[in-house]
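Me: I am new to reading protein models. Could you take me through one, feature by feature?

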Amino acid sequence: MDWDALAWLFAGAVTLHNVEEAVLLPRWSRTVSRWSVPVATTDFRFAVVVLTVLAYACAWISIRGQLFATYVLCGYALAMLLNAFIPHLAATIALRRYAPGTATAFCFNVPVASLLLYGAVTQHRIEFVTFAWGGPLTVIAIVSAIPLLFALGRRLRAWTGSS
């Protein structure tokens, strides 16, 4: 599959996953307080919108030939692969109930992210040695950004007076 299609397909898979989480996860997080910190709906939705836009921005810039964006996109794909197993699958098994995002993670993110990473390596879009440190670094950056995005969402909510 050509790179353009892979990049857009990945952004689409992220969108489907994030929509499922945006709809179901905030309420779910309030019912499993032992395993999850309850998250406000608007704060969570703000964070997933930003992360979804990031996926599309990286796809578009990567398609235009920017190597750094290609590495970030591939790191994002690695993050989504890992995200399918921890926390989604782990939470579903540990809680013996469905954790929002698990279905889209395994139906869309795992196969599409795998295809993207395979295509990046086989089409020589990335060097594996560089990705070996850049991929995990991107995962760390994305995971670190999530609480910051929640905080920014809270600030925006307080500033606008919405609930």
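Me: What covers the buried residues of H2?

Reply: Buried means under 20% relative accessible area, exposed over 50%, partly exposed in between, with a 1.4 Å probe and protein chains only. The cover of H2's buried residues includes helix H1 (3-29), helix H3 (67-95) and helix H5 (128-160). This is a predicted model, where local features need pLDDT of at least 70, side-chain atom pairs count only at pLDDT 80 or more, and totals for chains, interfaces and linings use all residues. Residues are numbered from 1 along each chain as its sequence is written, and side-chain values use heavy atoms, leaving out hydrogens and water.

Me: Which residues of H2 are buried?

Reply: An α-helix has 3.6 residues a turn, so residues three or four places apart point the same way. In H2 the buried residues include Phe 44, Ala 47, Val 48, Leu 51 and Ala 55.

Me: How far apart are the end C-alpha atoms of helix H2?

Reply: Helices (H or I, at least four residues) and strands (E, at least two) are DSSP runs, numbered from the N terminus. The expected span of a helix is 1.5 Å times one less than its number of residues. Helix H2 (residues 41-63) has 23 residues, so it should span 33 Å. Its end C-alpha atoms are 33 Å apart, which agrees. After H2 comes Gly 65, with a positive phi near 100 degrees.

Me: How many helices and strands are in the protein chain?

Reply: Five helices and zero strands.

Me: Which residues touch the most other members of the largest nonpolar core?

Reply: In soluble globular proteins, nonpolar side chains tend to be buried together. A nonpolar core is a set of buried Ala, Val, Leu, Ile, Met, Phe, Trp, Tyr and Cys residues joined through side-chain atoms within 4.5 Å. Here the largest has 46 residues, and Trp 3, Phe 10, Leu 73 and Tyr 76 touch the most other members. H3 gives the largest share, 13 residues. Contact means heavy atoms within 4.5 Å. Leaving aside residues up to four places away in sequence, Phe 10 touches several residues, among them Met 80, Val 112 and Leu 116.

Me: How many disulfides does a search of the whole structure find?

Reply: A disulfide is a covalent bond between the sulfur atoms of two cysteines. The search takes a pair of cysteine sulfur atoms within 2.5 Å. It finds zero. For Cys 74, the nearest cysteine sulfur, that of Cys 58, is 10.0 Å away.

Me: Are Cys 74 and Cys 107 buried or exposed?

Reply: Cys 74 has 0% relative accessibility, so it counts as buried. Cys 107 has 53%, so Cys 107 counts as exposed.
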